[in-house]
Amino acid sequence: GGRARAVLWAYPKTKYTTTQQPCDDDEDEGEEEEPLIALQRLLEEQFPKCTEQRKGGTFNPHMTVSHYPNIDFATTAKE
């Protein structure tokens, strides 16, 4: 761990909304919740102390590709 490390990650794009929306039972808006965000929300409801995946209050679904010792190595790997 540490602040000097870097992480290369991928965002899984889907047909659903890509930003977290508050749960709304009003179906007239026609928007569905992103499945990975819905799953995370349900897990957090069952395990309320496990919210460390919400950085800045929002959960961003992602797949970690690899960890690097610094941003330069991660940037090179991305290219």
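Apart from its neighbours within four places in sequence, Glu44 is in contact with Cys50, Thr51 and Arg54, where contact means heavy atoms within 4.5 Å. Glu44 has its place in helix 1, helices (H or I, at least four residues) and strands (E, at least two) being DSSP runs numbered from the N terminus. With a relative accessible area of 13%, Glu44 is buried, a word used here for residues under 20% relative accessible area, whereas exposed stands for over 50% and partly exposed for what lies in between (1.4 Å probe, protein chains only).

The model discussed here is predicted, and for that reason local features need pLDDT of at least 70 and side-chain atom pairs count only at pLDDT 80 or more, while totals for chains, interfaces and linings use all residues. Residues are numbered from 1 along each chain as its sequence is written, and side-chain values use heavy atoms, with hydrogens and water left out.

The secondary structure of the protein chain comes to 2 helices and 4 strands, and these follow the pattern β-α-β-β-β-α when read along the sequence. Buried residues make up 15% of the 79 residues in the chain. The chain exposes about 6600 Å², of which carbon and sulfur atoms supply 52%; accessible areas come from the Shrake-Rupley method with a 1.4 Å probe, and for residues only the protein chains shown count as cover. Of the contacts between residues at least 6 apart in sequence, 60% join residues at least 24 apart.

Helix 1, which covers residues 35–46, has 12 residues and reaches 17 Å from its first C-alpha to its last, close to the 16 Å expected at 1.5 Å a residue, the expected span being 1.5 Å times one less than the number of residues. Its buried residues are Ile37, Ala38, Gln40 and Glu44. They cover an arc of only 165° around the axis, which puts them on the same side of helix 1, the arc being that of the directions from the helix axis to the C-beta atoms. What covers the buried residues of helix 1 includes strand 2 and strand 3 (58–59).

Gln40, which also lies in helix 1, counts as buried at 13% relative accessibility. Leaving aside its neighbours within four places in sequence, Gln40 is in contact with Cys50, Gln53 and Phe59.

Which charged side chains are paired? Side chains of opposite charge can pair when their charged atoms come close. A salt bridge is defined here as a side-chain nitrogen of Lys or Arg within 4 Å of a carboxyl oxygen of Asp or Glu, and by this rule the count comes to 3 salt bridges. Arg41 forms one of them with Glu33, the closest N and O atoms being 2.8 Å apart. Arg41 is partly exposed, with a relative accessible area of 22%, and Glu33 is partly exposed as well, at 25%. Arg41 also forms a salt bridge with Glu45, where the closest N and O atoms are 3.1 Å apart. Arg41 and Glu45 are 4 residues apart in helix 1, and are therefore separated by about one helical turn. Glu45 is partly exposed, with a relative accessible area of 48%.

Glu44 forms a salt bridge with Arg54, the closest N and O atoms being 2.8 Å apart. Glu44 lies in helix 1 and Arg54 in strand 2 (residues 54–55), so the pair ties together parts that are 10 residues apart in sequence. While Glu44 is buried, Arg54 counts as partly exposed at 32% relative accessibility. Salt bridges that share partners join Glu33, Arg41 and Glu45 into one network.

Helix 2 (residues 71–78) contains Thr76, which is exposed, with a relative accessible area of 55%. A polar atom of the Thr76 side chain lies 3.0 Å from the backbone oxygen of Asp72. Lys78 also lies in helix 2 and is exposed, with a relative accessible area of 66%. The C-alpha atoms of Lys78 and Leu8 are separated by 7.2 Å, although these residues are 70 residues apart along the chain.

Key: A polar contact is a pair of N or O atoms within 3.5 Å; within protein, one must be able to donate a hydrogen and the other to accept it, and residues adjacent in sequence count only if both atoms are side-chain atoms.
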